[in-house]
Amino acid sequence: MKIALVLLGIFVLAGCQSLPPQKCTATANIAGQDTSVPVYDVRTVANQTQYYAGNPFGWKWVSKNNFTHSTCDK
């Protein structure tokens, strides 16, 4: 039983990670409601600006066109 608790504790701690610094925020209209989305990086690929967006986009590169407003410079 103690081994199971120790293993559970190790798995919980291993799942914790620190977030990268947030560069800016963007607003996305999701299901008819404006939602503030943290943006952690900005890049341009083939003349298209993309944001590395956190939740609700699940830490993926998302096109700038998915947002209605942003505080990002690039």
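Reader: How many helices and strands are there in the protein, and in what order do the elements run from the N terminus on?

Author: There are one helix and five strands in the protein, and, read from the N terminus on, the elements follow the order α-β-β-β-β-β. Please keep in mind throughout that this is a predicted model.

Reader: What share of the residues is buried, and what does the accessible surface of the protein come to?

Author: Of the 74 residues in the protein, 23% are buried. The accessible surface comes to about 5600 Å², and carbon and sulfur atoms account for 56% of that surface. As for contacts with a separation of 6 or more, 26% of them are between residues 24 or more positions apart.

Reader: How should I read a disulfide, and how many does a search of the whole structure find?

Author: In general terms, a disulfide is a covalent bond between the sulfur atoms of two cysteines. Here the search of the whole structure finds one disulfide, which joins Cys-24 to Cys-72 with an S to S distance of 1.8 Å. The link of Cys-24 and Cys-72 is right-handed, with 75 degrees about the S-S bond.

Reader: Where do Cys-24 and Cys-72 lie, and do they count as buried or exposed?

Author: Cys-24 lies in strand 1 (residues 24-30) whereas Cys-72 lies in the segment after strand 5 (69-70), so the pair ties together parts that are 48 residues apart in sequence. The burial cut-off is a relative accessible area under 20%, so Cys-24, at 8% relative accessibility, counts as buried, and Cys-72, at 13%, counts as buried too.

Reader: Turning to the rings, how many aromatic pairs does the structure hold, and why is the pair of Tyr-40 and Trp-59 described as it is?

Author: The idea is to look at both the distance between ring centres and the angle between ring planes, with planes under 30 degrees apart counting as stacked. The structure holds five aromatic pairs. In the pair of Tyr-40 and Trp-59, the ring centres are 4.6 Å apart and the planes are at 25 degrees, so this pair is stacked. The pair links distant parts of the chain, since Tyr-40 belongs to strand 2 (residues 33-45) and Trp-59 to the loop between strand 3 (48-53) and strand 4 (60-63), 19 residues apart.

Reader: Which residues form a salt bridge, and which parts of the chain does the pair tie together?

Author: Asp-41 forms it with Lys-23, the closest N and O atoms being 3.1 Å apart. Asp-41 lies in strand 2 and Lys-23 in the loop between helix 1 (2-15) and strand 1, so the pair ties together parts that are 18 residues apart in sequence. Asp-41 is partly exposed, with a relative accessible area of 27%, whereas Lys-23 is exposed, at 58%.

Reader: In which strand is Val-62 found, and with which residues is it in contact beyond its neighbours within four places in sequence?

Author: Val-62 is found in strand 4 and counts as buried, at 7% relative accessibility. Leaving aside those neighbours, Val-62 is in contact with Thr-49, Gln-50, Tyr-51, Ala-53, Phe-57 and Phe-67. From C-alpha to C-alpha, Val-62 and Tyr-52 are 6.3 Å apart in space, while being ten residues apart in sequence.

How values were computed: Residues numbered from 1 in each chain as written. Predicted model: local features only at pLDDT ≥ 70, side-chain atom pairs only at ≥ 80, totals over all residues. Heavy atoms only, no water. Phe/Tyr/Trp six-rings, centres within 6.5 Å; stacked < 30°, edge-to-face > 60°. Helix = DSSP H or I, 4+ residues; strand = E, 2+ residues; numbered from the N terminus. Disulfide = S-S within 2.5 Å. Buried < 20%, exposed > 50% of the residue type's maximum accessible area, 1.4 Å probe, protein only. Contact = heavy atoms within 4.5 Å. Areas by Shrake-Rupley, 256 points an atom, 1.4 Å probe, with all protein chains shown as cover. Salt bridge = Lys/Arg side-chain N within 4 Å of Asp/Glu carboxyl O.
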